[in-house]
Amino acid sequence: SALLIFACSSDDSSDSDDNDLMEETFLERYDGVVWEISEDTVVYYRLNNDTMNWFTSYEFNDDEIDGQYECHNLTDHQEPIFSILINSGDNFTYSVQFPGEELEVVYFTVSDNGNILEIVNPSHNIQATFLRSNLTEIPCN
């Protein structure tokens, strides 16, 4: 009976070790999730489980003459170099290097059971809070 208890206990511990090793990455966890913020304009961000194109934005520019939507994918940018630094659980950090400028580090943190996305860029003293949207897609290619 003591051996049976020990064997069960050992199995439980290895299961939790396997779960720790298999924790979802940030991009896996939030793949396809659309986030929104409304300040001067409405902006949508979608996260993609793609280490080359992990970010898509959709923004309405409210021009007095002709307002229009603009869509941007990470791969639209030729100049800066993006590098993922942390891609784990509810935390995502990347660096961006524009030619001739200092390296910037940007932090994404999800909280409130996956409903709030906080983006911080200390280099530009920017902090933005996005809410999880009910949208399942944004009209970007």
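The largest pocket comes out at a volume of about 800 Å³. Its lining counts 28 residues, and the ones closest to the pocket's centre are Tyr45, Phe55, Tyr94, Ile119 and Ile126. Keep in mind that this is a predicted model.

Which elements give two or more residues to that lining? They are all strands: β2 (42-47), β3 (55-61), β4 (68-73), β6 (91-97), β7 (104-111), β8 (116-121) and β9 (126-132).

Next up is the second largest pocket, with about 160 Å³ of space. Here 11 residues make up the lining, and Thr51, Met52, Leu74, Ile81 and Phe82 sit nearest the centre.

If you're sorting this lining by class, you get 7 nonpolar and 4 polar residues, with no charged ones.

## Strand β2 and its partner

Back to β2, one of the elements that line the largest pocket. This strand is largely enclosed by the rest of the structure, because 5 of its 6 residues are buried.

So what does β2 pair with, and in which sense? The partner is β1 (residues 34-38), and the two run antiparallel over 5 bridges. A hairpin takes the chain from β1 to β2 through 3 residues. Across this pairing, tryptophan 35 stands opposite tyrosine 45 of β2.

Key
Residues are numbered from 1 along each chain as its sequence is written. This is a predicted model: local features need pLDDT of at least 70, side-chain atom pairs count only at pLDDT 80 or more; totals for chains, interfaces and linings use all residues. Side-chain values use heavy atoms; hydrogens and water are left out. On a 1 Å grid over the protein atoms alone, a cavity is a set of points where a 1.4 Å probe fits but cannot get out, and a pocket is an open set with protein on both sides within 12 Å along at least five of seven lines; lining residues have an atom within 4 Å of a point. Grid points are joined across faces, edges and corners, and a volume is the space filled by probe spheres set on the points. Helices (H or I, at least four residues) and strands (E, at least two) are DSSP runs, numbered from the N terminus. Ala, Val, Leu, Ile, Met, Phe, Trp, Tyr, Cys and Pro count as nonpolar, Asp, Glu, Lys and Arg as charged, and the others, Gly among them, as polar. Buried means under 20% relative accessible area, exposed over 50%, partly exposed in between (1.4 Å probe, protein chains only). Two strands pair if DSSP finds at least two bridges between them.
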